[in-house]
Amino acid sequence: MRWSLRAKLVTLVALALLPVLGLAAWQSKLQEQAVVSLRAAELGFVSELAVTRYASLFEASRRLATAACSDESIGEIASADAPASAAARCGAYLSKLLGAYPGQYSTALVTDEQGVARCASDPRAVGMSFANRDVFDKLRGASAPVIGDAIASRISSHAIIPIAVPIVRDGKFRGMCAVGLTLSALAQEATKGNPPVG
């Protein structure tokens, strides 16, 4: 079989272009790997940022609950024989406290050892039982603040994560002091700042 001059030239050009095409394919593969690595790094950065922000919000909420629950009016109200004036002072105190953090917390409340709310930032909660909440069960026997599972609030329209502190008198569990951190506050925390593009 005889090759024409044209067929020989086409074959020669194709053979000459093979290394160039191979090099282009190799560079394209390297660029694709670099983009994937960059996106993975950005995703890791955003994840770390979100975890750090969530951790700081939970820590601030834990401190708020601990400080709030150390007030004398909170300890008074947990007992069954607390006067009505103590409940009014406690409710006003909790309302004022949460007023400093609008939108961040749903409700703050204090229960007795049976889980019945004795005072709350929202008066509708008073008399409700919170004994069936997982945070109440976790708190019995605990000596430190406890973070509960995300739940729908009974008092507000928010989904919340309860953060509770045990009320202990004479070495016995006397009740719970809790705040409900709203999931919308967590979402707002996640969108703060300017994460990397992509």
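Modeller: A salt bridge is a side-chain nitrogen of Lys or Arg within 4 Å of a carboxyl oxygen of Asp or Glu. Please keep in mind throughout that this is a predicted model.

Colleague: With that criterion in hand, how many salt bridges does a search of the whole structure find, and which residue meets R63 in a salt bridge?

Modeller: Side chains of opposite charge can pair when their charged atoms come close. The search of the whole structure gives six salt bridges, and in one of them the side chain of R63 meets that of E59, with 3.1 Å from N to O. Both R63 and E59 belong to helix α1, where they stand four residues apart, about one turn of the helix. R63 counts as exposed because its relative accessibility is 56%, whereas E59, at 29%, counts as partly exposed.

Colleague: Turning to the cysteines, how many disulfides does a search of the whole structure find, and how are the bonded cysteines paired when numbered in sequence order?

Modeller: A disulfide is a covalent bond between the sulfur atoms of two cysteines. The search of the whole structure finds two disulfides, and the pairing in sequence order is 1-4, 2-3. Because C69 lies in helix α1 (residues 5-69) and C177 in strand β6 (residues 172-182), the pair ties together parts that are 108 residues apart in sequence. C69 counts as buried at 10% relative accessibility, and C177 counts as buried at 2%.

Colleague: Which parts does the disulfide of C90 and C119 tie together?

Modeller: The disulfide joining C90 to C119 has an S to S distance of 1.8 Å. C90 lies in helix α3 (residues 84-99) and C119 in strand β2, so this pair ties together parts that are 29 residues apart in sequence. Both C90 and C119 are buried.

Colleague: Where does S121 lie, and why does S121 count as buried?

Modeller: S121 lies in the loop between β2 (117-120) and α4 (134-139), and S121 counts as buried because its relative accessibility is 16%, where the cut-off for buried is under 20%. Leaving aside neighbours within four places in sequence, S121 is in contact with G91, L94, S95, L98, T107 and A108.

Colleague: Finally, which residues make the nonpolar surface patch?

Modeller: V13, L15, L17, L18, V20 and L21 make a nonpolar surface patch of about 580 Å². Among them, L18 lies in helix α1, and L18 counts as exposed because its relative accessibility is 51%, the cut-off for exposed being over 50%.

How values were computed. Residues are numbered from 1 along each chain as its sequence is written. This is a predicted model: local features need pLDDT of at least 70, side-chain atom pairs count only at pLDDT 80 or more; totals for chains, interfaces and linings use all residues. Side-chain values use heavy atoms; hydrogens and water are left out. Helices (H or I, at least four residues) and strands (E, at least two) are DSSP runs, numbered from the N terminus. Buried means under 20% relative accessible area, exposed over 50%, partly exposed in between (1.4 Å probe, protein chains only). Contact means heavy atoms within 4.5 Å. A disulfide is a pair of cysteine sulfur atoms within 2.5 Å. Patches are made of residues with over 30% relative accessible area and no salt bridge: like charges are joined within 9 Å, nonpolar side chains (Val, Leu, Ile, Met, Phe, Trp, Tyr) within 5 Å. Accessible areas come from the Shrake-Rupley method with a 1.4 Å probe; for residues, only the protein chains shown count as cover.
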